[in-house]
There are 4 protein chains.
Amino acid sequence: MIKVGIVGGTGYTGVELLRIFASHPEASVQAVTSRKEDGMPVAEMYPSLRGRVDVAFSSPDKARLTDCDVVFFATPHGVAMAQAPELVAAGVKVIDLAADFRLQDVAAFEKWYKLPHSCTELLKEAAYGLPELNREEIRKARVVGNPGCYPTTMQLGFAPLLKAGVIDASHLIADCKSGVSGAGRKAELSLLFSEASDNFKAYGVSGHRHSPETVERLSKLTKDKVGLLFTPHLVPMIRGMHSTLYARLTKDIDNAALQALFEDAYKNEPFVDVMPFGSHPETRTTRASNMLRLAVHRPDNGDTVVVLVVQDNLVKGASGQAVQCMNLMFGLEETTGLLQVPVLP
Amino acid sequence: MIKVGIVGGTGYTGVELLRIFASHPEASVQAVTSRKEDGMPVAEMYPSLRGRVDVAFSSPDKARLTDCDVVFFATPHGVAMAQAPELVAAGVKVIDLAADFRLQDVAAFEKWYKLPHSCTELLKEAAYGLPELNREEIRKARVVGNPGCYPTTMQLGFAPLLKAGVIDASHLIADCKSGVSGAGRKAELSLLFSEASDNFKAYGVSGHRHSPETVERLSKLTKDKVGLLFTPHLVPMIRGMHSTLYARLTKDIDNAALQALFEDAYKNEPFVDVMPFGSHPETRTTRASNMLRLAVHRPDNGDTVVVLVVQDNLVKGASGQAVQCMNLMFGLEETTGLLQVPVLP
Amino acid sequence: MIKVGIVGGTGYTGVELLRIFASHPEASVQAVTSRKEDGMPVAEMYPSLRGRVDVAFSSPDKARLTDCDVVFFATPHGVAMAQAPELVAAGVKVIDLAADFRLQDVAAFEKWYKLPHSCTELLKEAAYGLPELNREEIRKARVVGNPGCYPTTMQLGFAPLLKAGVIDASHLIADCKSGVSGAGRKAELSLLFSEASDNFKAYGVSGHRHSPETVERLSKLTKDKVGLLFTPHLVPMIRGMHSTLYARLTKDIDNAALQALFEDAYKNEPFVDVMPFGSHPETRTTRASNMLRLAVHRPDNGDTVVVLVVQDNLVKGASGQAVQCMNLMFGLEETTGLLQVPVLP
Amino acid sequence: MIKVGIVGGTGYTGVELLRIFASHPEASVQAVTSRKEDGMPVAEMYPSLRGRVDVAFSSPDKARLTDCDVVFFATPHGVAMAQAPELVAAGVKVIDLAADFRLQDVAAFEKWYKLPHSCTELLKEAAYGLPELNREEIRKARVVGNPGCYPTTMQLGFAPLLKAGVIDASHLIADCKSGVSGAGRKAELSLLFSEASDNFKAYGVSGHRHSPETVERLSKLTKDKVGLLFTPHLVPMIRGMHSTLYARLTKDIDNAALQALFEDAYKNEPFVDVMPFGSHPETRTTRASNMLRLAVHRPDNGDTVVVLVVQDNLVKGASGQAVQCMNLMFGLEETTGLLQVPVLP
């Protein structure tokens, strides 16, 4: 049994890790830290876990994380980089669900997250935790930076087109929509039911942290200069993410060949479902599961290709992907503990 | 492997059976009938099942249900009683998720469902599929009538009080609230998003079919005459049911003893969670799982006891409970395939 | 033009007052106070009011509320009683949307609101602001305590039955359901979209502040001792309230006579709509309007009468009712500025 | 008083017309037709209108529409063109909320709506009912084709840029999101609460009827060839529309000048609100009102301008705009009856 520690178990990615591990056959949660909730059984805060999870929160000093085999950070940005060195030194693998180990460009990190990076040595060796594009690095990694939710959809949607060199990489547009849980479990007015329900809005249109991360990774797939216009929006639903990706074709390619680019790229991927050409994937078809589904369109047979990508932002967009990385890092079957069937309706 | 047939797989209880069986280790769906969708892969109608369920709908004549070990009817009332005799004669067990085998009182059935009962012989031997109150009958049954969603909550909430004889059985009140999926997958105006969202209403206040069913079963638990006032309401959420039960105490009993009635009654039940006295269970703590949770209150230490009961109407209130019955009928561990952790948030 | 001041304009009842006054022909908002937002145009916080409301928030010291004709307190409990004496002394009428002037029983107030009452003199003369039951007092009042949202529905639903003396007043049950805006605009985790959406729960079952208020007022309608069991629940919708009221009949009365009790009681009321016997009013039929609708049921022609009452908790349950009181206090037509048609769908 | 007739009053645009006219001081609804509901009071189907609207549905033959001054068609495509000639001949003005009089290109109409156009003579003289771009034609028109909901946002968002000639007209992208009421009041499975709630999806990506309409109208604003990629999505909210518009700048223009293009274009428009540069308009700030709000962005000061446009799809996107046209056609103040303040929260 893999001994798992979770730092920051009170947020949505933390409780989602707990939900996944409650039925993971090869791993067991030993410690969940929370400074504020020391001693409180996890199931008291989340009664959904009554009878299924019997650990209690413990303060970081008591949690003995160095006895774990792997520690997940489901914390604000900046926490993982402070604690990772001690853990890695003790032989513990680290998976950060925040941004500390996502961006290799330290200056970009410091600009967007307004934090000095305190752990650039580990950053250098850290693997970017998107298995479909980076599986071998993850297998060998001691530290994994789990991708942002939006970047997962943008990369898996644009990658086959960029690799094939059939689009203008300099003017990609990603019009993305996320359920409210993507903003985390924070007591903020704008996230109240009475504010976010029956409403739709864009946010961060002038610039969002997930843009540099996505550009950095996409740039590894092409020699062209990547330019990305990324517009996030907030949808009145709890879970789910839908990215509508636009790219201008630069090569003469027919629709069957376009579709084949995607089918070939993902034919062995257990968590990427390429739907028939022209489909309209719905976010709910991935609800509470680690599946990402996508479909390719070419409106009016014109020069623009549209890729629709959906996932559950808390699973493939966060905690499920992190467990997928853990499975790889420990030599388990990649799908272990991750085959929950989507909940529909 | 238990060979499973499903009649009527296009509705919500049908697709929920498919979701559960997709990860049930001891049973496998062989046939799903639909007259209209003959030949269509199930996963085409429900893309959430892509890659996980590969049967196609077949018309009833081709489905060869008599080769199955058990057939579930996820159909309108009246279908199961027409087909059950042939199946039972062929040695196939039958579990009906509709009302055909719920009410032993044929006259009451015919009054409330406006159908003549065509299968009263099998009705006599049919077991009422509420394991917590009727486990031994279910184990031996060839035919099971799966309870209604509301009746499950009302019976499990009132049963400990009635058995202990501490309440006035003649004036029970059940003020119940259901998510919209409880009304089924029907193209009706009143169920449209634009009608049911951001809205709340009661319905069927003058009388509802789940009332006679509940009274018939509760009457088996007490010698007193049972009187029930049942008021259903529609909540703008997909899944979930909350029943607020009121009963007047007739015995002098303190709160600890009240609580003990429930804890004793359900201490060995894997799917009934008695929460601490005075708790407020939320429907989402049971979402997509087979758990039912309840909590006991006694406002102002007065003479009325209030029991709050929550469940997922499609799981413990329908398809999960049906699989729980199947597990019993085939000698499996009762929880097999039913330990999905509730999805929260 | 009546000069209106609003203390606490940043919450939901405050912005609802602003919405109503934006089209009230006889009153004009002169000042809206907010300590934190001093100088910020109201329409910057609430862009729905852009072009329609051009006042800015001002700190209480600059607001010159004593120059107003009437001041509304859309504040937490305890604020109005601190400021009312100075205003009343200056000839300004006061309408409190919080609880300071609702309960004549000071001990009950102090027990439930955990505040000493600092203004018992004005409390004695304060009118309870439910026009349908207390119109003449309101007309003459200098200070009005606006009813709670739940109490409005409970009183208007039970009143005709209590006045007629046809029910057992000692065991009233009110099973009430409120939209989330009823909890106010507060940055609390339990009110987040991701917590409150797709969910249903009861709260405060062991005791709620609206109970003593309702009992005090209902007791004025009957010589019997009033006993009330009040159970509030939270519905995943922004606005709307539905109260399901249960009372045991003690007199032999037929359904037509029952219905007539309500029709007679409210036949001249512009904001109370008695629907046909046996109807199921929906909350959305009152959305964004000052209407309250109710319907009477008698399930199985038994001894229990059920009254279903709906309203918009922010209008008839709060700000609309407050303006209705103001209209009475200033001799205006009672419906002035309050005839917005409900928004459906 | 203007005598108003409504053909097809049972759908959402019909009931929205009724809501608006219930407080319109210069017009009065004389007849509402519905073949199926002949004789039923409108307020029985829509209890939100009880006490406010007292007409009943009448079958078309009894409705005497030729006695009206104006008739609105809130009907499926094809109905207005069949009935308009008789009405116009009788001196009645016609406003069609469907598509019969939107497209001057008859071939395009017949291709997209799969109907032969039976009334091309009136089509030629019909005015396109978007007052901000076509006010003078509307004033003089006998027949108005009311714009589609999406086209209203796309035209008002792109118009200032196209007129100024600062963007590449050939590659406009409109990523649009609509509340569910935009699909009408139809008993379709995909519109059920249990299907559309907690979900997000695109639809019609390969081609949508609102595209040719928008291109035809935008082409009048520029000599360049207009190319539009339009992607509609469905949002789990009742009302509201958000269009995210992308255009590549072809001229060197700074942000202040960009903003000025919009402020100048709409400075006298009562129903178009140009928000400060870089704002994020929310759909709820227009809920139940005739306002359209927009904001201009230029991410990273790059070569792409992004315009965010919001409106209530049933008001400015349909019935409110139709009444705005009527006001113009009858010489009334354009805002008459249309100054409802948006409902927030």
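This is a predicted model: local features need pLDDT of at least 70, side-chain atom pairs count only at pLDDT 80 or more; totals for chains, interfaces and linings use all residues.

Tutor: Residues are numbered from 1 along each chain as its sequence is written, chains are lettered from A in the order in which they are written, and side-chain values use heavy atoms, without hydrogens and water.

Student: How many cavities of 30 Å³ or more does a search of the whole structure find?

Tutor: Rolling a probe the size of a water molecule over the atoms shows where empty space is left. Here the search finds six such cavities (sets of points on a 1 Å grid over the protein atoms alone where a 1.4 Å probe fits but cannot get out; lining residues have an atom within 4 Å of a point).

Student: Which residues lie nearest the centre of the largest cavity?

Tutor: Of its 18 lining residues, Ser197(A), Ser197(B), Ser197(C), Pro236(C) and Ser197(D) do.

Student: What lines the second largest cavity?

Tutor: Its volume is about 110 Å³, and its lining includes Asp198(A), Asp198(B), Arg287(C) and Arg287(D).

Student: How many residues of helix H9 of chain C are buried?

Tutor: Eight of the nine in H9 (residues 210-218; a DSSP run of H or I, at least four residues) are buried, that is, under 20% relative accessible area with a 1.4 Å probe, protein chains only. Among them are His210(C), Pro212(C) and Leu218(C).

Notes: On a 1 Å grid over the protein atoms alone, a cavity is a set of points where a 1.4 Å probe fits but cannot get out, and a pocket is an open set with protein on both sides within 12 Å along at least five of seven lines; lining residues have an atom within 4 Å of a point. Grid points are joined across faces, edges and corners, and a volume is the space filled by probe spheres set on the points. Buried means under 20% relative accessible area, exposed over 50%, partly exposed in between (1.4 Å probe, protein chains only). Helices (H or I, at least four residues) and strands (E, at least two) are DSSP runs, numbered from the N terminus.
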